[in-house]
Amino acid sequence: MKLMNTKIMSLLLCASAIIASSCSGNNEEIIPGSSSLKIKTAISSTRAVIETENFSYEDEIGIFALNEEGTAYSKESMNMTGMYVGDNQWNIDPELFLTEQKADIYAYYPYSSSNQAPATVNVNIMPNYHKTIKGQIDYLYGQGEADAAYPEANITFNHALARVT
């Protein structure tokens, strides 16, 4: 009888271990054949008013992903936030899953939640509205492309404020 109880307890422990290990707790829906968008950035060297060459920790950029027709790639692909976390790595929120369809990626700096279309990014010219560098706001824009096979968009940002000399 004692041997039978030991076998039943062992069986129950094994079943519990299998059930516990099979549940990862990750409820995120992954679309088959998709990859998560990643970006790498550079800032061009031009005759700009501001000569910024790097992003700083926790800088935020706005990101738009459009399909080949020029409309939203997905329902949440308009004005996503990209936060710089160092070493040319960005956290994108919300995460965008790419399919085999090419996505045109447009980005701008500094991020503003009021921007809803990539063709008309609002720029606030009020002093001290955004983080400033040497007293001047650095507005940047750039573009790239990505899809599930090549999910990393390489974006070279250009300075919107150019020096006229």
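A polar contact is a pair of N or O atoms within 3.5 Å; within protein, one must be able to donate a hydrogen and the other to accept it, and residues adjacent in sequence count only if both atoms are side-chain atoms. With that in hand, welcome to a predicted model, in which local features need pLDDT of at least 70 and side-chain atom pairs count only at pLDDT 80 or more, while totals for chains, interfaces and linings use all residues. Residues are numbered from 1 along each chain as its sequence is written, and side-chain values use heavy atoms, with hydrogens and water left out.

**Confidence**

- The chain averages a pLDDT (the predictor's confidence in each residue, from 0 to 100) of 78, and 64% of the residues score at least 70.
- Confidence is lowest in helix α1 (residues 2-22), with a mean of 49, and highest in strand β5 (residues 89-93), at 97; helices (H or I, at least four residues) and strands (E, at least two) are DSSP runs, numbered from the N terminus.

**Around Asp147**

- Asp147 sits in the loop between β8 (140-146) and β9 (152-159).
- A polar atom of the Asp147 side chain lies 3.0 Å from the backbone nitrogen of Ala149, and one lies 2.8 Å from the backbone nitrogen of Tyr150.
- Leaving aside residues up to four places away in sequence, Asp147 touches (heavy atoms within 4.5 Å) Leu98, Thr99, Glu100, Gln101 and Lys102.

**Aromatic rings**

- The structure holds 6 aromatic pairs; rings of Phe, Tyr and Trp (its six-membered ring) pair if their centres lie within 6.5 Å, and planes under 30 degrees apart count as stacked, over 60 as edge-to-face and the rest as tilted.
- Phe55 and Trp90 are an edge-to-face pair because their ring centres are 5.0 Å apart and their planes meet at 80 degrees.
- This pair links distant parts of the chain, with Phe55 in the loop between β2 (38-43) and β3 (60-66) and Trp90 in strand β5, 35 residues apart.
- Phe55 is buried at a relative accessible area of 10%, and Trp90 is buried at 9%.
- Phe55 also pairs edge-to-face with Tyr109, with centres 5.7 Å apart and planes at 75 degrees.
- Here Tyr109 lies in strand β7 (residues 103-109), 54 residues from Phe55, and Tyr109 counts as buried at 10% relative accessibility.
- One aromatic cluster is formed by Phe55, Tyr84, Trp90, Tyr109 and Phe157.

Conventions
Buried means under 20% relative accessible area, exposed over 50%, partly exposed in between (1.4 Å probe, protein chains only).
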